[in-house]
Amino acid sequence: MYEQLAKSIGEKVALSTSEMELCKTFFIPKKLRKKQTLLLEGDVCSYNAFIEKGVLRSYSTDEKGNEHTMQFAFEGWWISDLSSFLLGSASTYTIEAIEDAELLLLTYNAREELMQQVPVFERYQRILLQNAFIALQSRINGALNASAEEKYINLTISYPDIITRVPQHMIASYLGLTPETLSRVRKQINLRK
């Protein structure tokens, strides 16, 4: 069950076999069924979750009941409400499984202890945070400057599996579009093919 985690860590830093075995002891395996939640908006985020299998998303709900998807996370990705996780504050997001999922959960205290015992894991976490910040800046820039069609095309180029694994209304929510607008964009793109 730790194949994706070992691959993810190995792509960023070098861990010995014994260090990887020690890392595994800090994680809590968990399975989620499709539509099951890992975190509810308003609760404190107790885990930073690594996805071994499946797809999850984080989203907030506005006062009108509209969902706003913040993140999708596939195999080999992490998902959490980072500010809630690090600060112990109420979460602004709900995290749910889009598909049946297998997760490896890391509590705040376990993460701190793991970084103490395996210092290279702290470097791995830093690289992940750097990459997440860069991706967030890119996403904000795209949200501010790209057309609806450009947003959709860029998403499908970056994540080709997303179309078959994530419902269209969730993709629309992630892109800041209505489902109707996304449907029109997809039709326009298909007409040009």
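I began with strand E3 (residues 47–53), which runs antiparallel to strand E8 (residues 101–107) and is joined to E8 by six bridges. I take strands as DSSP runs of at least two residues and helices as H or I runs of at least four, numbered from the N terminus; two strands pair if DSSP finds at least two bridges between them.

A note on my source: this is a predicted model, where local features need pLDDT of at least 70, side-chain atom pairs count only at pLDDT 80 or more, and totals for chains, interfaces and linings use all residues. Residues are numbered from 1 along each chain as its sequence is written, and side-chain values use heavy atoms, without hydrogens and water.

Back to E3. I found alanine 49 bridged to leucine 105 of E8. E3 also pairs antiparallel with strand E6 (residues 78–79) over two bridges, and there phenylalanine 50 has tryptophan 78 as its partner. Why is E3 largely enclosed by the rest of the structure? Five of its seven residues are buried (buried is under 20% relative accessible area, exposed over 50%, partly exposed in between, with a 1.4 Å probe and protein chains only).

Next I looked at helices H8 (residues 168–175) and H9 (residues 179–192), whose axes come within 9 Å and cross at roughly 100°. That makes H8 roughly perpendicular to H9 (65 to 115 degrees counts as roughly perpendicular, under 35 as roughly parallel, over 145 as roughly antiparallel, the rest as oblique).

Last, I checked serine 18 in helix H2 (residues 17–24). Serine 18 counts as exposed, at 54% relative accessibility. Its C-alpha atom is separated by 54 Å from that of arginine 192, 174 residues apart along the chain.

Technical notes: Axes fitted to C-alpha atoms, helices over the stretch in contact; angles between N-to-C directions.
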